Amino acid sequence: MLDKLKEIEKSALESLAAITDQTALDSWRVANVGRSSPLMQVFAGFGKLSKEEKPVVGAEANRVKGTLESALEEKSKEVKNAALAKSLEEEKLDVTLPGRSVNIGRLHPSTQQLRRVLAILAEMGFQVYTSREVETDEMNFQMLNFPPDHPARDMQDTFFIEANGRGDNPILMRTHTSPGQIHAMREYAATNPQDPPPIRIALPGMCFRYEQITARSEIQFNQVEGLAIGKNITFADLKGTIADFVRRMFGEGARLRFRASYFPFTEPSAEVDVECFVCGGKGCQVCKNSGWLEILGCGMVHPVVLQNGGYDPKIYSGFAWGMGPERQLMLRNKINDIRYFWGNDVRFLEQF
Ligand code: DAH
């Protein structure tokens, strides 16, 4: 029995010496000092020993147990230290390395352009008036002199939200910012119905059209509407205001022209072109060889519209326009596909 204990001690210490990691050490513990280890078997078989053997074997077994336990403790420290040294070596932290730079957010290019437009108009005395995106047919069309089956409605294919039981007045997404003219005129007129105050406002916001999405047309886009109402306002005021805006927006030397056009809510109506930025007027793909790029529609507010807004057309006159910030940005920055605006591709957005 004493020889057996010697043998147990020898082989246990030998296998312990070879151990370098915690997992192996845990298995060693189970195998050599655990409950079913050969050493513990000796203790378990104690009862079968003779009276003379018991004290001798007992003392020796306790000694071996003590030796193995302290060897285990020693080894355990060694393994832990080695693991610590290893992780210190491998996980070196270089506090002098430069940090990773943080991506800085920015305003969407449309918002940037919208703000440029509104800043210029503010300098010219136009206050911002915001109006709703969900409208009724009455406000989006009828009050603006489009009767229910007027062919000009085809120019603005419409997203309808609710039509059931609303007859000729379904709820829809506004197709242009022009219904804001009616809201604004009525609000201003209500402050003094007998002698309504003059108006000089810019109405920015998102518009929606039921269109096939292509490089040239989107189902949503911003517009900035302008509206000036007062006594003795003439087409000359409209021309001067637009010309001033174009020079502030596109540069002192920018050339522009007015071209007769048609809108139900203005009379007379015009469209404004600026000289092509790309070819300088010589003719190119962007301007389709005309040398000009259309930037807005405008006109003198139609008497019916003034009336609908609460302004007597015999006393008041005014002008209005509607322009598109995305379109301006496309012309200015030679962007050839309007889908980039809402495509959310950071490679596009990052350039602004
Ligand atoms: N509402 C027109 C559109 O969306 C743009 C427009 C044209 C607005 C002439 C106006 C205007 O105020 O006078 O196509």
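**A tour from the sheet to the ligand**

Start with the open sheet of seven strands, ordered β1-β5-β6-β10-β9-β8-β7 with mixed pairing. Strands here are DSSP runs of E with at least two residues, helices are runs of H or I with at least four, and both are numbered from the N terminus. Two strands pair if DSSP finds at least two bridges between them.

This is a predicted model, where local features need pLDDT of at least 70, side-chain atom pairs count only at pLDDT 80 or more, and totals for chains, interfaces and linings use all residues. Residues are numbered from 1 along each chain as its sequence is written, and side-chain values use heavy atoms, leaving out hydrogens and water.

Now select β1 (127–128) and β7 (256–263): these are the edge strands, each with a single partner, so one side of each has no neighbour in the sheet. Click on Phe258 and find its bridge partner in β8, Val272.

Finally, move to the ligand. Among the 16 residues around it, His176, Ser178, Arg209, Gln223 and Glu225 come nearest; a residue counts as near if one of its heavy atoms lies within 4 Å. Which polar contacts can you find here (pairs of N or O atoms within 3.5 Å)? A polar side-chain atom of Arg209 is 2.8 Å from a ligand oxygen atom, and a side-chain N or O atom of Glu225 is 2.7 Å from a ligand oxygen atom.

Technical notes: A polar contact is a pair of N or O atoms within 3.5 Å; within protein, one must be able to donate a hydrogen and the other to accept it, and residues adjacent in sequence count only if both atoms are side-chain atoms.
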